[in-house]
Amino acid sequence: MTTQEIDLSTAADRTATAEKPRRSTFGRVRYYDHAVLLFGVFLMMAPLFVAFMTSTYQPEVIHRHGMQVGWGGNFQETYWTVLTKKGGFSEEVTGLLMTQNSLILGLGFAIGKIVVSMLAAYAIVYFRFPLATFCFWVIFSTLLLPLEVRILPSYEVVQSLGMLNTYTGLILPLIASATGTFFFRQFFKSVPDELVEAARIDGAGPVQFFWDILVPLSRTMMAAIFIIMFVVGWNQYLWPTLMTTEETLYTLVRGIRQVMQTYIGSNIPDYNEALAMAVLAMLPPALVIIIFQRMFIKGLVEQEK
Amino acid sequence: MTTLRIKNAVKRYPNGAHAVKGVSVDVEDGELVVFVGPSGCGKSTLLRMVAGLEEVTEGEIELAGRVVNDLEPADRNIAMVFQNYALYPHMSVRGNLAYGLKNRGTSKEEIDRKVQEAGKLLQIDEFLDRKPSQLSGGQRQRVAMGRAIVRDPAIFLFDEPLSNLDAKLRNQMRLEIKKLQRRLATAAIYVTHDQVEAMTLADKIVVLNGGEIEQVGTPGEVYSNPATTFVASFIGAPPMNLIPARMEGGAIDFGDQRIPHTANFNGPVTFGLRPERAQLGNGGALKMDVSVVEELGAQRLIHGRIGGHEMTLAQPAEQEPPKGSVAVGFRPEDVHLFDVTSGVRI
């Protein structure tokens, strides 16, 4: 972890020095650049900041005075309640459990996609089998059929396999990934043929070549795809809503809505808890991005060969 | 003993391309054989057929007494050095050297010993724990050779290993490869398009053109007795002068002048003369009109015309540069005559 952070800062320094000559040719543009950047940061961060600050107030205050920018002092109580209070209709689900569910979905989704798409791309690039190109384009064409379009048949399949209300049912139908396959295919194609030949002469079979050479070489690529897919998986809403009805399988993203819904009636809704949950729901993806950022950029920009 | 015997090797690709058209070559024990030719002549394909990276369409590859046509590259007891080194970028130098041995199931102590040995031999022992990206081009090439050496192969296969290096380093590494090969006394095939590399390294040169052998011989033979006009123009720098002429009644006719020659032939010929084998001045038999003089330091190149055809001749630097017209002399044995249509030596 610590080395990762140190590396992060040096990477940032390096890009800064690398870009200096280009900047200086435009001289004054620099201040303007920063103003634009700061404005962008403000635009993105301000709502988050307000949401976090408001979540530290009592719900009555929020109900009466709206969103807050100051410190409400109720931070510990609210977040403790959100994480540990058994809520929902059945009073069985806590914030912690929902976080756990979200993590399982996000990780399963991301890791499953990486494994499946890497294997698919490996087969397509390195093995000559009939209709390989055709297969690739069939996989690719599934991009034209997003989840929303095929939600009914997907439900039908999961239901008939008896996987409703299971983690498997949540994750398995989603892990085939055309995007991932495409990225890995492009990456594998850029690996020089001589490397494969050298490995063949060194006596590495197909499995060994994949494991000893291709997987380590794809590290940055895997990190990049992991980030994207983890965030996508974490933020799934429609899919878990359809596949799971039991509250013990609720994810954080669904929980936010649950908080607002359950307490509506004569009571004042627990705005603070809903906001706290939203803030909590944002943390893990943000952490993943911070940790993998350096590899992510490396994976997209340079490919070490 | 013969290490490698290539018998009538043919390579035809599924798309109909005919890369190698029946080539037979023997590589004796400890011999360094160079395949040389222009790009697309099939030299790399032939090497890859020996390595097992290309399938053999027809013919036989016999290595150390057994036919290896259907063996995997790893089972052929060969080692290959690639043009772009093809080092595993994520492994240390040690990892690169050890990978093949590990896959063979060699014991850890044995691997360590061999890696150390190869490291010392190639002077890369201090870099063993670095990644290839932290090494210079020459050092990477050494690592690639180290990876070949630790395998103790029956034959080394070099596929243009020096093409990615700058000129100075290339000369240095060329010498090192030769020394190393002599020291290990292992047979080797070396593929290159560079005739200087071919001449300096080879015990035996195989000149290839269009998937066929033009000539096999020692560098000296290939240089002084080229079998065809192709070999004559490919080997030697600057290349041999080849101009059309007529052989009639014991003399070569260039159109505007004739010189006596003893060859027993009548009809059109291609007349060949190496630039460095001509003597300028001193009442030579031929007259050449000088157009341009190029100064090279040790010698100079005199460009001119004989019988309406371009000629380039070399002259030692200590002689006076000629002007206008100069007499060109040469020994009769330095004259090469080739058939006009087939290009074969007469």
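Helix axes in this tour are lines fitted to C-alpha atoms over the stretch in contact, and angles run from 0 to 180 degrees between N-to-C directions. The model is predicted: local features need pLDDT of at least 70 and side-chain atom pairs pLDDT 80 or more, while totals for chains, interfaces and linings use all residues. Residues are numbered from 1 along each chain as its sequence is written, and chains are lettered from A and ligands numbered from 1 in the order in which they are written.

Select residues 95-126 (α5) and 178-190 (α9) of chain A. These helices (DSSP runs of H or I, at least four residues, numbered from the N terminus) pack with axes 8 Å apart at an angle of about 45 degrees.

Next, display the side chains between them. Residues are in contact if their C-beta atoms, placed from the backbone, lie within 7 Å. Among the α5(A) residues are A:Ile114, A:Met118 and A:Tyr122, and those of α9(A) include A:Phe184 and A:Phe188.

Now move to the boundary between the chains, where 16 residues of chain B are in contact with 16 residues of chain A. On chain B, β6 (78-81) and α2 (93-104) each supply at least two residues, and α2(B) gives the most, with four.

Key. Contact = placed C-beta atoms within 7 Å.
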